[in-house]
Amino acid sequence: MNDIEPRLVRCFSAVFPGIPEPQITNANVETVETWDSVAMATLVTAVEEEFGVEFDVDSLSNLTSFQSILGHLKQLKATQ
Amino acid sequence: MTSDAKNAFTFNEELQTEFARLSGDWNPMHMNTASARRTQAGRRVVHGVHIVVCALDYVASLSGSLSLPTSLGTRFVKPVYVGESVQFRETFRTNSDLRLEALVEGIVVAEADITLGGAHRISRSARPEYGLSDEPVCHELMLEEIAGRSGRVHLVATEDEIAHHFPNAVNWLGAEVVGGLICLSRLVGMECPGLHSLFSSFTVEFPATGTPPSLEYRVVSLDKRFRLVKIEVNGCGLRGTVAAFARHPPALQTSYKELLTIVSPNEFQGQRALVIGGSRGLGEFTAKALAAGGGVPTITYATGKEDADRVADEIRQSGGSCDVMRYDIHTQASQQLEVLSSFVPYLYYYATCQIFCRRTKRFDPSLLEEFLKFYVTGFYDLCAALRSKRENGFFSAFYPSSIAVADRPRDMTEYAMAKAAGEVLCTDLHRFWPGIHIISVRLPRLLTDQTATMFPTETASTVDLILPIIRDVQSVRV
């Protein structure tokens, strides 16, 4: 459970290599230039692959920041 | 490629065609202006693999002593439009870890990570089959047809042609590998997902053991939520995975036949309306709805004549009336309206340029200027021309504004500013030009080519939203 954040940072780092690592935990759709619909799809699939989870389509529109994805992941892992 | 300055390459028209010929990737998003305007990019884009191979050629030209790569991972971040200049930036993170970036006006459009340290040139079990010319067929596949699909892509170019265009890359990697990379473009653009594809990324290794002489592929996963396709490839000296999106086809509006069941047959009987931008999207819907109610729309196009003719044919084939004319907001309105046989008292103004485009700065004055031309100056010129054509100057119009004016989504600053200015213009024309009735509504996201996205997004119902507006506009007695 404790390694969720660093693993998520690695996913973000792979999809958004332009974000300096210390800033990744503050990343959100408003501030990351390359966070468009294509990047979002790539990010979600990368995170799902890394954590062995699947995000419900309805939840996707709320996943607009590192922190919101982290929170959602923690919830999913807790119920697994 | 042409070199504008040190390390700046312009992907011009000639190179675009040449790469299509070399790769066999003639996908309309690269080669056909009318089709490309209906994609999310809105214009023809450079083949992503072309940029990558040029970047490899560039980095190989810097040093003749680069060790062989063992893997290459590439991601296409933003579209590059035909005619744009791209700069390459190389960073050696370690002796064996090379990062290559392609940039347009300082914005990364593609990136590649290369692991160096390969000891051997690829040894092949079979000689690659260069120069296999076959009919270029751009497959239009349904999602169901993509799942599990497999096949083979041949090298279209000859070994000499590949070496002629990318001499440094060939010297470094060998013609087979460069040819194999070029094949990836054809795989995605023509074979699978084919016509409605968007190349996202690829990761390949360069195995020392032989690979098949042509590129064999197999779809290994399809994520229907995002229409994301993962394809395993093996051949021409490389082995790895390709990720591509199966884009939605251009947005389909409600059919004329369906509208005949929704609109009362005589609702707009004999009413003539000018629908600017009626060749697709909301303009197409408006024209069909008017015609379904007995109205006589004249739809205009700026570049999409084929689309405009398609809409008019659909209406006429089911007994409706529809005229087509070319109208360009960059040309004087009064002059263009002269072709109309009689006065048109109803106006729908859907003229637009590409709304979502690759940005290089937070606020772009030239983008604002372009939006203002479409949403303010163009509308004013047309209203003034229509007004001057009639003694009493009366007409009724619809000006579509956007919820972006209030909601202010990211990257839409200039668009929101121009639409806000358009609203002000509408209000003042309404106030100070007697007899002119203008309805301006802030529309939410509706299904059009411009609002298409890979991400599942809800759109409002065009019938529920636009039909009442049409009824309001047409109810004004002019």
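Helices (DSSP runs of H or I, at least four residues) and strands (DSSP runs of E, at least two) are numbered from the N terminus. The views come from a predicted model, in which local features need pLDDT of at least 70, side-chain atom pairs count only at pLDDT 80 or more, and totals for chains, interfaces and linings use all residues. Residues are numbered from 1 along each chain as its sequence is written, while chains are lettered from A and ligands numbered from 1 in the order in which they are written.

**View 1. Chain A follows the pattern α-α-α along its sequence.**
Chain A has 3 helices and 0 strands. Its radius of gyration, taken over C-alpha atoms, is 12 Å, close to the 12 Å that the globule rule (2.2 Å times the number of residues to the power 0.38) gives for 80 residues, so chain A is as compact as a globular protein of that length. The C-alpha trace of chain A spans about 35 × 25 × 20 Å along its principal axes. Of its 80 residues, 26% count as buried; a residue is buried if 20 or more other C-beta atoms, placed from the backbone, lie within 10 Å of its own.

**View 2. Here chain B meets chain A, with 15 residues from chain B and 12 residues from chain A in the contact.**
Two residues are in contact if their C-beta atoms, placed from the backbone, lie within 7 Å. On the chain B side, strand E6 (107–118) and strand E8 (197–205) are the elements that give two or more residues. That side divides into 9 nonpolar, 2 polar and 4 charged residues, where Ala, Val, Leu, Ile, Met, Phe, Trp, Tyr, Cys and Pro count as nonpolar, Asp, Glu, Lys and Arg as charged, and the others, Gly among them, as polar.

**View 3. Chain B is divided into domain 1 (2–246) and domain 2 (256–475).**
These bounds come from an automatic or database domain assignment. The C-alpha centres of the two domains of chain B lie 40 Å apart. Their contact takes 16 residues from domain 1 and 14 residues from domain 2. The domain 1 side has 5 nonpolar, 4 polar and 7 charged residues.

**View 4. Helix H4 (residues 48–62) of chain B is mostly covered, with 12 of its 15 residues buried.**
From first C-alpha to last, H4(B) reaches 22 Å, close to the 21 Å expected (1.5 Å times one less than its number of residues). Among its buried residues are B:His50, B:Val53, B:Ala55 and B:Asp57. Follow B:Val53 and, leaving aside neighbours within four places in sequence, you will find contacts with B:Phe166, B:Ala169, B:Val178, B:Leu181 and B:Ile182. In the largest nonpolar core, which has 93 residues, B:Val53, B:Ala55, B:Val178 and B:Leu187 touch the most other members. Such a core is a set of buried Ala, Val, Leu, Ile, Met, Phe, Trp, Tyr and Cys residues joined through C-beta atoms within 7 Å. A second, separate core of 56 residues includes B:Val263, B:Ile276, B:Ala291 and B:Leu347.

**View 5. B:Tyr256 sits in helix H9 (residues 256–262) of chain B.**
B:Tyr256 is buried, with 24 other C-beta atoms within 10 Å. Not counting residues up to four places away in sequence, B:Tyr256 touches several residues, including B:Lys288, B:Ala291, B:Glu314 and B:Ser318. B:Ala292 lies 36 residues from B:Tyr256 in sequence and 6.8 Å away in space, C-alpha to C-alpha.
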